[in-house]
Amino acid sequence: MKDSLRVKGIFLVMLGTLLWGISGVVAQYLFQSKNFAPEWLVVIRMIFSGAIILTFSLIKGDKSVFEIWSKKENIIKILIFSILGMLGVQYSYFAAIHHGNAATATILQYLSPVIITIYLAFYNKKLPTLKQVACVFMAILGTFLIITKGNLNSLAISKPAIFWGVLSAFACAIYTLQPSSLLKKYGSLCVVGWGMLIGGIAFSFVQSPFNCVGSWSFESFLAIIFVVLFGTLIAFYCYLESLKYIEPYEASVFTCIEPLSASILSIVFLNVTFSLIQWIGALCIIITISMLSLTKKGDSSVDKQKNEDITN
């Protein structure tokens with residue numbers, strides 16, 4: 001019985017991360033083939049997803065949906081998370097896809113574990129382990145190979161794509177570390193739901209959800225529905241459900257499926273080309289993710305406590 005539940009957990013986390021990877025490729029299709037703006041897709045994705053998540057929480061009888069607003073410190077934390085974390089990671093990721101492609105955007109975003117590792121080392125005033133130093137070196141090497149193909153005199157992807165891709169990694173680090181105390185007290189559905197809704201509403205002052213420029217067709221309509229429903233809501237739900245059956249550090253290992261799926265699907269369906277050198281660079285980053293994720297269960301809980309201390 002225990003083994004079957006673990007298999008269920010692995011299946012759910014793999015499905016969730018696969019949907020995230022596909023969502024990036026679908027977004028690239030909307031930007032480059034249907035001329036939709038990443039700003040508009042971010043607003044629509046966040047407002048609709050946030051509203052649906054919060055509605056679902058209320059139907060389940062979750063009282064924390066409104067209790068989170070009862071304390072001033074919570075309000076400050078949720079606003080920071082909504083703007084710098086949720087909106088920051090959503091927009092920078094889509095902007096990286098818009099200026100480059102889903103494969104490189106996803107791989108660059110997965111530099112966030114390295115950023116978190118470096119930050120925690122400085123915050124805790126503790127020298128990184130040999131494994132962590134090796135991971136940082138591999139991540140830097142992998143990024144160098146992806147953006148230059150090993151040639152110092154040229155860039156394989158545009159400067160805006162590099163900028164937004166690296167920025168999405170920093171935003172993802174904020175998204176991971178900053179809300180830990182809120183998540184512990186009020187749950188992920190409540191925190192992420194409000195984060196998406198508030199971030200979407202805030203960004204609507206920059207890009208109105210009613211001002212859409214793009215080539216509407218049956219295919220583009222289905223693509224937008226996929227990004228909002230499958231690439232956000234269902235993917236998020238599958239990932240959370242998987243944590244009921246497997247450990248968080250195990251789940252994080254399987255998130256490597258996202259950059260792999262985004263890379264393969266970009267090549268197959270969108271004619272994105274990856275050189276052998278870039279594949280080696282991608283492999284360096286994926287190995288880095290796995291090495292940082294494969295932490296002993298006890299060590300994982302210590303790191304989790306450190307993360308919680310940062311935001312308290």
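Start by selecting Asn 271, in the loop between α13 (257-270) and α14 (276-293); helices here are DSSP runs of H or I with at least four residues, numbered from the N terminus. Its phi is near 60°, a positive value in a residue other than glycine. Asn 271 is exposed, with a relative accessible area of 66%; exposed means over 50%, buried under 20% and partly exposed in between, with a 1.4 Å probe and protein chains only.

A quick word on what you have loaded: this is a predicted model, where local features need pLDDT of at least 70 and side-chain atom pairs count only at pLDDT 80 or more, while totals for chains, interfaces and linings use all residues. Residues are numbered from 1 along each chain as its sequence is written, and side-chain values use heavy atoms, with hydrogens and water left out.

Next, jump to Lys 125, in the loop between α6 (112-123) and α7 (130-148). Lys 125 is another non-glycine residue with positive phi, near 50°. Is Lys 125 buried or exposed? Its relative accessibility is 78%, so Lys 125 counts as exposed.

Now move into helix α7 and pick Thr 143. Thr 143 has 12% relative accessibility and therefore counts as buried. What sits 2.8 Å from a polar atom of its side chain? That would be the backbone oxygen of Ala 139; a polar contact takes a pair of N or O atoms within 3.5 Å, and within protein one must be able to donate a hydrogen and the other to accept it, with residues adjacent in sequence counting only if both atoms are side-chain atoms. Leaving aside neighbours within four places in sequence, Thr 143 touches Leu 108, Leu 111 and Ile 285, where contact means heavy atoms within 4.5 Å.

Time for helix packing. Two packed helices are described by the angle between their axes and the distance between the axes. Show α4 (residues 72-99) with α8 (residues 159-177): they pack at about 155°, with axes 8 Å apart. So α4 is roughly antiparallel to α8, the word used for angles over 145 degrees. The axes are lines fitted to C-alpha atoms over the stretch in contact, and angles run from 0 to 180 degrees between N-to-C directions. The α4/α8 crossing is left-handed; that means the near helix is turned anticlockwise from the far one by less than a right angle, and clockwise would be right-handed.

While you're on α4, click Leu 79. Leu 79 is partly exposed, at 39% relative accessible area.

For the rings, select Tyr 91, Phe 163, Trp 164 and Phe 203, which ring pairs link into a cluster. The structure holds 14 aromatic pairs, counted when ring centres of Phe, Tyr or Trp (its six-membered ring) lie within 6.5 Å.

Last stop: Ser 180, in helix α9 (residues 180-186). Ser 180 is buried, at 11% relative accessibility. A polar atom of its side chain lies 3.4 Å from the backbone oxygen of Leu 177.

Note on methods: Rings of Phe, Tyr and Trp (its six-membered ring) pair if their centres lie within 6.5 Å; planes under 30 degrees apart count as stacked, over 60 as edge-to-face and the rest as tilted. Helices (H or I, at least four residues) and strands (E, at least two) are DSSP runs, numbered from the N terminus. Angles under 35 degrees count as roughly parallel, over 145 as roughly antiparallel, 65 to 115 as roughly perpendicular and the rest as oblique.
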